[in-house]
Amino acid sequence: MVCFRLWSFINNPTNKKMKKLSINLSCIILLMITSFTLSAKALEMNKPDTAKIKAALHQVNLSYGQAFIKGDSSLFMNCYTPDACLLPANSPALCGVQGQLGFYRFAYKAGVRNIVFTTLNLYGATDLYVTEEGSFEMFGANNVALGKGKYLVVWKKTADGWKMYRDMFNSNSAPKKASN
């Protein structure tokens, strides 16, 4: 009812100022709607191609597994940015080249000979960063399963391609109970 009265008041032929105001407001509203629509379309067009990103991450993840298969720490190190941090469960953060190399040596001495990653989701993809959620399975010699787990990795786009910047992971197995 209020809208009808307002509309009647605005459309009153004797009220020329209100009619002009009504036309101006209508034009402003139309321009705002058009602007928002175009902005939303521009944002959609500028979204990174997640299929390409996922394929690039897959290649790095394969290289990570190859580092253990071949016993080649340089392949492992090439998966990370120099300032990356690994964030394993029940351990302090292992940052920088020394932390990365220490983790590789520890895992290799523990018998890891391959790791297979499965990407489940990508979040927040931009031209510079993306977060990957996934699962992994570790294998020892003769392809013996050592365990399964899950991970979140923040990837950073570098001049050399996508590299791991923050790598958080843990096992799906419950921790072993301390014996009395």
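Glutamine 100 is in contact (heavy atoms within 4.5 Å) with Phe76, Met77, Tyr80, Thr81, Pro82, Ala84 and Leu86, leaving aside its neighbours within four places in sequence. This is a predicted model: local features need pLDDT of at least 70, side-chain atom pairs count only at pLDDT 80 or more, and totals for chains, interfaces and linings use all residues. Residues are numbered from 1 along each chain as its sequence is written, and side-chain values use heavy atoms, with hydrogens and water left out.

**Overall layout**

- The protein chain has 5 helices and 6 strands. These are DSSP runs numbered from the N terminus: helices are H or I with at least four residues, strands are E with at least two.
- From the N terminus on, the order of elements is α-α-α-α-β-β-α-β-β-β-β.
- Of the 180 residues in the protein chain, 28% are buried. Buried means under 20% relative accessible area, exposed over 50%, and partly exposed in between (1.4 Å probe, protein chains only).
- Among contacts with a separation of 6 or more, 48% come from residues 24 or more positions apart.
- The accessible surface of the protein chain is about 12300 Å², and 62% of that belongs to carbon and sulfur atoms. Areas come from the Shrake-Rupley method with a 1.4 Å probe; for residues, only the protein chains shown count as cover.

**Glutamine 100**

- Glutamine 100 lies in helix H5.
- It counts as buried, at 1% relative accessibility.
- Its side chain reaches the backbone oxygen of threonine 81 at 3.0 Å.

**Nonpolar core**

- The largest nonpolar core has 27 residues. Such a core is a set of buried Ala, Val, Leu, Ile, Met, Phe, Trp, Tyr and Cys residues joined through side-chain atoms within 4.5 Å.
- Tyr64, Phe68, Phe76, Tyr80, Trp155 and Met164 have the most contacts inside this core.
- Two or more residues each come from helix H3 (50-70), helix H4 (73-77), S1, helix H5 (96-109), strand S3 (114-123), strand S4 (129-139), S5 and strand S6 (161-171).
- H3 gives the largest share, 6 residues.
- Phenylalanine 68 touches Phe76, Tyr104, Ala107, Tyr108, Val112, Arg113, Asn114 and Ile115, leaving aside neighbours within four places in sequence.

**Cysteines**

- The structure holds 1 disulfide, defined as a pair of cysteine sulfur atoms within 2.5 Å.
- Cysteine 85 and cysteine 95 form this link, with their sulfur atoms 2.0 Å apart.
- The link of cysteine 85 and cysteine 95 is right-handed, with 110 degrees about the S-S bond.
- Cysteine 85 lies in strand S1 (residues 80-88) and cysteine 95 in strand S2 (residues 94-95), so the pair ties together parts 10 residues apart in sequence.
- Cysteine 85 is buried at 8% relative accessible area, whereas cysteine 95 is partly exposed at 39%.
- Cysteine 79 is buried, at 1% relative accessibility.

**Two threonines**

- Threonine 119 sits in strand S3. Its side chain makes a polar contact of 2.5 Å with the side chain of glutamate 132. A polar contact is a pair of N or O atoms within 3.5 Å; within protein, one must be able to donate a hydrogen and the other to accept it, and residues adjacent in sequence count only if both atoms are side-chain atoms.
- Not counting residues up to four places away in sequence, threonine 119 touches Lys54, Asn61, Glu132, Glu133, Gly134 and Tyr151.
- Threonine 158 is found in strand S5 (residues 145-158) and is partly exposed, at 26% relative accessible area.
- A polar atom of the threonine 158 side chain lies 2.7 Å from the backbone oxygen of glycine 161.
- Threonine 158 touches Thr81 and Lys163, not counting residues up to four places away in sequence.
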